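Please examine the sequence and the structure before working through each solution.

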Amino acid sequence: MTNSLLHGAAPETPNGDDHPAVAALQRSLAQLEARVAQLEQQPPQWLPLKTAAHDAGVEYETTRKWAERGLIEARRDGKRWLINLISLKARKDLWLRGSGFGCEADE
């Protein structure tokens, strides 16, 4: 037994925690926080291109170009585009933060 255990002190872990149980609890907390973040993500909302563009406030052609370029989550159903509205709104927000202007197509 080490001297610190003889005097009632808890063993020190490599990361400086007072006790191994603290490190285990911190790992558990980090895992739980990651799971909560995963559960809080919105599920995809697949809409036809025109509807998604309207709902997100993005021009139809801009939405189509972003879909073709793979800048938003989109898929083809025959000749029709289906757009994940959540992805489109996120792309619009990203573009607006970067440009400070309205939502025009990236050229």
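**Exercise 1.** Determine across which strands helix α3 lies.

*Solution.* Step 1: Helix α3, residues 49-56, lies across β1 and β3. Helices (H or I, at least four residues) and strands (E, at least two) are DSSP runs, numbered from the N terminus. Step 2: The helix runs at about 105 degrees to β1; axes are lines fitted to C-alpha atoms, for helices over the stretch in contact, and angles run from 0 to 180 degrees between N-to-C directions. Step 3: Helix α5 (residues 85-99) also packs on the sheet, touching β1 and β3, where contact means heavy atoms within 4.5 Å. Its direction makes about 70 degrees with that of β3.

The model is predicted: local features need pLDDT of at least 70, side-chain atom pairs count only at pLDDT 80 or more, and totals for chains, interfaces and linings use all residues. Residues are numbered from 1 along each chain as its sequence is written, and side-chain values use heavy atoms, with hydrogens and water left out.

**Exercise 2.** State the order of the strands in the sheet and identify which strands stand at the edges.

*Solution.* Step 1: The open sheet has three strands in the order β1-β3-β2, with antiparallel pairing; two strands pair if DSSP finds at least two bridges between them. Step 2: β1 (46-48) and β2 (74-77) each have a single partner strand, so they stand at the edges, with one side of each left without a neighbour in the sheet. Step 3: From one strand to the next, the twist averages 35 degrees. Step 4: β2 and β3 (residues 80-84) are joined by four bridges, and A74 stands opposite I83 in β3.

**Exercise 3.** Describe how α3 and α5 pack.

*Solution.* Step 1: Two packed helices are described by the angle between their axes and the distance between the axes. Step 2: For α3 and α5 the angle is about 45 degrees, and the axes are 10 Å apart. Step 3: That angle makes α3 oblique to α5; angles under 35 degrees count as roughly parallel, over 145 as roughly antiparallel, 65 to 115 as roughly perpendicular and the rest as oblique. Step 4: On α3, the contact is made by A52, A53, D55 and A56, and on α5 by L85, L88, K89 and K92.

**Exercise 4.** Identify the residues of α3 that meet α4.

*Solution.* Step 1: Helix α4 comprises residues 60-69, and its axis is 9 Å from that of α3, at an angle of about 115 degrees. Step 2: L49, K50 and A53 in α3 meet Y60, T63 and R64 in α4.
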